[in-house]
Amino acid sequence: INGTGTRDEKLQAICQLLDSSVNVFDWTGFYLDDPDEEKMLYLGPYVGEATDHTRIPYGTGICGQAADTLDTFVVQDVAQADNYLACSIHVKSEIVVPIMKDGRFYGELDIDSHTKDAFTPEIRELCESVCNKVARLF
Ligand code: SME
């Protein structure tokens, strides 16, 4: 976070570190708030398979709901989620954590897993603490 490089280079490095450190993480990326379009997320740095969902309106999917409510979403079985955007048929669970600074929403960390029930309370805490630190980049 404090090193050299652009914000996006740092976000990319964080994706790589998280994705390679935790076995059950199979897609790790950031969706960022689009400054040019109201209530719209765009895909930022990520590690994993390319996704069709490069722009997500607030309210749509898990990512869009997190942007709307500013809550962490943990979906332990995506097959049971009704407002969900599938990126890959292999994905079984997902976590989305908002990035907030001074009460403002800047984007979110999104992690997919090919394992059901992948996101333990410890992993949630890890992701939330990463987002607290990442907020300094905005
Ligand atoms: N599954 C997300 C969409 C983004 S992909 O997981 C990378 C959602 O429901 O918002």
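Two strands are said to pair if DSSP finds at least two bridges between them. In this predicted model, strand E1 (27-33) and strand E2 (residues 40-47) run antiparallel and are joined by 5 bridges. Within this part of the chain, aspartate 33 stands opposite leucine 41 in E2.

**The sheet and its helices**

Strands E1 and E2 belong to an open sheet of 6 strands, ordered E3-E2-E1-E6-E5-E4 with antiparallel pairing. Strand E3 (55-57) and strand E4 (73-75) form the edges, each pairing on one side only. On average, neighbouring strands are turned by 25 degrees against each other, direction ignored. Helix H2 (residues 61-69) packs on this sheet and touches E1, E2, E3, E4, E5 and E6. Its direction makes about 30 degrees with that of strand E5 (93-101). Helix H3 lies across E1, E4, E5 and E6, and runs at about 30 degrees to E5.

**Aromatic pairs**

The model contains 5 aromatic pairs. Two of them are set out below.

| Pair | Distance between ring centres | Angle between planes |
|---|---|---|
| Phenylalanine 25 and phenylalanine 119 | 6.0 Å | 35 degrees |
| Tyrosine 106 and phenylalanine 138 | 5.5 Å | 35 degrees |

Planes under 30 degrees apart count as stacked and those over 60 as edge-to-face; at 35 degrees, the pair of phenylalanine 25 and phenylalanine 119 is therefore tilted. This pair links a loop between helix H1 (7-21) and E1 to a loop between E6 and H3, 94 residues apart. Phenylalanine 25 is buried, with a relative accessible area of 2%, and phenylalanine 119 is buried at 4%.

Tyrosine 106 lies in strand E6 and phenylalanine 138 in the segment after H3, 32 residues apart. Both tyrosine 106 and phenylalanine 138 are buried.

Terms used:
Residues numbered from 1 in each chain as written. Predicted model: local features only at pLDDT ≥ 70, side-chain atom pairs only at ≥ 80, totals over all residues. Heavy atoms only, no water. Phe/Tyr/Trp six-rings, centres within 6.5 Å; stacked < 30°, edge-to-face > 60°. Helix = DSSP H or I, 4+ residues; strand = E, 2+ residues; numbered from the N terminus. Buried < 20%, exposed > 50% of the residue type's maximum accessible area, 1.4 Å probe, protein only. Axes fitted to C-alpha atoms, helices over the stretch in contact; angles between N-to-C directions. Contact = heavy atoms within 4.5 Å.
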